[in-house]
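Hi everyone, thanks for coming. Let me put a structure on the screen and walk you through a few parts of it.

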Amino acid sequence: MRNIWIICRKELKSYFSSPIAYLLLTMFALIFGFFFWNAVGFFVVEGAEMQMTGQMGTMNINDQIIRPLLDNASVLGLFFIPMITMRLFAEEKRTGTIELLATSPVRDIEIILGKWFAALALYACLLLCSALNFAFLFRYGNPDWKPLAIGYLGLLLQAGGLLALGTFISTLTRNQIIAGAATFGLCLMLWVFAWVSGYDSATWATVLAYLSVVTHFNFFGEGVIHSKDAVFYLTVIFLGLFFTARSMESLRWRS
Amino acid sequence: MQAVNAARHLRAVDNLLPTQSNFLSQMITVQDLTRKYAHTTAVDHISFSVAKGQIVGFLGPNGAGKTTTMRMLTCFLPPTSGTAAVAGFDVLEQSLEVRKHIGYLPETPPLYPEMETAEYLRFVGRLKGLKGVELDKRVDYVCGRCAVADVKKKLLGKLSKGYRQRVGLAQAILHNPDVLILDEPTAGLDPKQINETRDLIKDLAGEHTIILSTHILPEVEQTCEHVIIINKGRVVATDSVANLQGRARDRETVVLEVAGRGAPLDPARVQQRLQRVAGVAQVRIKNQRNASAVFEAESRRGEMVRGDLARAVIESGWDLNELRPEAMSLEEIFLQLTGSDSAAAAAGKQPSEEAASAPQAAKESGAAAKEPQR
Ligand SMILES: Nc1ncnc2c1ncn2[C@@H]1O[C@H](COP(=O)(O)OP(=O)(O)OP(=O)(O)O)[C@@H](O)[C@H]1O
Ligand SMILES: [Mg+2]
């Protein structure tokens, strides 16, 4: 436990002592902020139109602002996750510091968990930027906080799975760019798999759609926890970390 | 002959079945350790053992398999076959215990460029299980010992090569491990720091068991008690340093600079004269100037010719500007150990088996073989 914390703290420090963390935070804040003001602007204009035409629709902040924005955040995350995980092991392999970690009295799994938690923590910081925008809604409106909280839980679970896969890919190479590109490719695949269910309902399409990380987010975005979605994410996390552990083991055999 | 064979046989059995006390006093035991890469066998069935408190030099040319062996001892690489035990723990089965007992300086110091020296040492200390006051004390201590106190607040990425090496060494001794495994610890250091590092290593011996690798022969002579020479993944010899020196010196190469007294010098005549000195195998002219010339004289096996050479020069009325024994290069020792003199190799290998496990005996025989003027 202590070792996990030691590694995690070291990783967080190196994220924040290099420009990478600040760059990611700034980019995420800018892009998400753009989405947010678009959504709010649209909402306001729509509301005004409704009043003018005398329509009696109900306007709901949760449905019309928060949910689409959470969906956006879930996709946006796919672009940021490779940049978070690509250095985790590739960098250590390139500089040879992996030799220090692997010959210290810590278990492989502690190293892996430490790094994964650090990546998750950085992603949580990104999400915090988006949460600031939502705080604005609470100041001027009266949205329901529960679906929002569940949405964030979903975002974290989804990121946890992808970060675990990214960590795994990072153990495969000593080149950060390759690790990043491969992770990015995988993230995109897991996103677009969802599209096949749009035109085909054969078994293979169902399977592919099931594998898509984004389809499993839909219910979280609505504020509903389906156990099958949660189980899916937890399985991805477990598999990702498991593969990382195996890869580290074989790293010793191959290197 | 039969008696000798019997004795050898006994020794072999003894080695295979270490007695309890023997086993405990061995900090590192390596049996038939082999490591294969895709196309190469980097380490090929090597066996040796290191007693507690010894400093052992691991000597070999580039690509001999020193780093690979050390990586196996530190549990970084698993062996393809064979076993290795450090501090009584198997590197495969009880890897975590082994790692608790070792300090390791890899070939390239494992530094995080974005960390400051002190911060890095604290991180490593925590990783090795130090905490609280103990951690602070050890970090301060190693900073002093390895002379990195003045770069405590500097980013590791901005340190010079020598300082990186020092921080790497500081990192290795941080948790006061029983066994230190140092891969070329003095690479890249300045002469002063090399000396200090050697002193440090000598100081650490006794309580600590140290294996250090190098391809610099004098380094081994100055720091180590025992030496394991490997070449192409095989142990060529395990011996005490004294023995090795004796063996290296049973033939010498001497460099002389001879000057004519007031008159120009005829190098060919000097060469002829030197050639006639008893015990000299051959003399080469290395370079010549107006008034002086440099010669290289090689002695026959078992002959010491320095004194006779000097006398010959002086008596012939020339000046002797310089006379020094040429340090025997590692390659020459290899040639001697492995090459044409198979007898020497065999003689070298026999005591080698017991050299590490019976240091006392080795030392005595080594002292006998040692040259008086050294
Ligand atoms: N990762 C690797 N993959 C394939 N071959 C390797 C690898 N590492 C080392 N080797 C090979 O194993 C052999 C021994 O290498 P090793 O690094 O142990 O030598 P060394 O004695 O440490 O040499 P040096 O003095 O140059 O440090 C070499 O032939 C090398 O090419
Ligand atoms: Mg090496």
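Let's start with α5(B) and α6(B), which are oblique to each other, because angles under 35 degrees count as roughly parallel, over 145 as roughly antiparallel, 65 to 115 as roughly perpendicular and the rest as oblique. Before the details, please keep in mind that this is a predicted model, where local features need pLDDT of at least 70, side-chain atom pairs count only at pLDDT 80 or more, and totals for chains, interfaces and linings use all residues. Residues are numbered from 1 along each chain as written, chains are lettered from A and ligands numbered from 1 in the order written, and side-chain values use heavy atoms, without hydrogens and water.

Back to our pair: helix α5 (residues 117-127) and helix α6 (residues 132-145) of chain B pack at about 125 degrees, with axes 10 Å apart. Axes here are lines fitted to C-alpha atoms, for helices over the stretch in contact, with angles from 0 to 180 degrees between N-to-C directions. Helices are DSSP runs of H or I, at least four residues, and are numbered from the N terminus.

In chain A, the axes of helix α3 (residues 61-85) and helix α8 (residues 176-192) come within 8 Å and cross at roughly 160 degrees. α3(A) and α8(A) are therefore roughly antiparallel to each other.

Now, which chains surround ligand 1? Residues from chains A and B do, so the site is shared between chains. Of the 15 residues around ligand 1, Gly63(B), Lys66(B), Thr67(B), Thr68(B) and Glu107(B) come nearest; a residue is near if one of its heavy atoms lies within 4 Å.

Two distances to finish. One oxygen atom of ligand 1 is 2.8 Å from a polar backbone atom of Gly63(B). An oxygen atom of ligand 1 also sits 2.5 Å from an N or O atom in the Thr68(B) side chain.

Key
Polar contact = N/O pair within 3.5 Å; in protein donor to acceptor, adjacent residues only side chain to side chain. Helix = DSSP H or I, 4+ residues; strand = E, 2+ residues; numbered from the N terminus.
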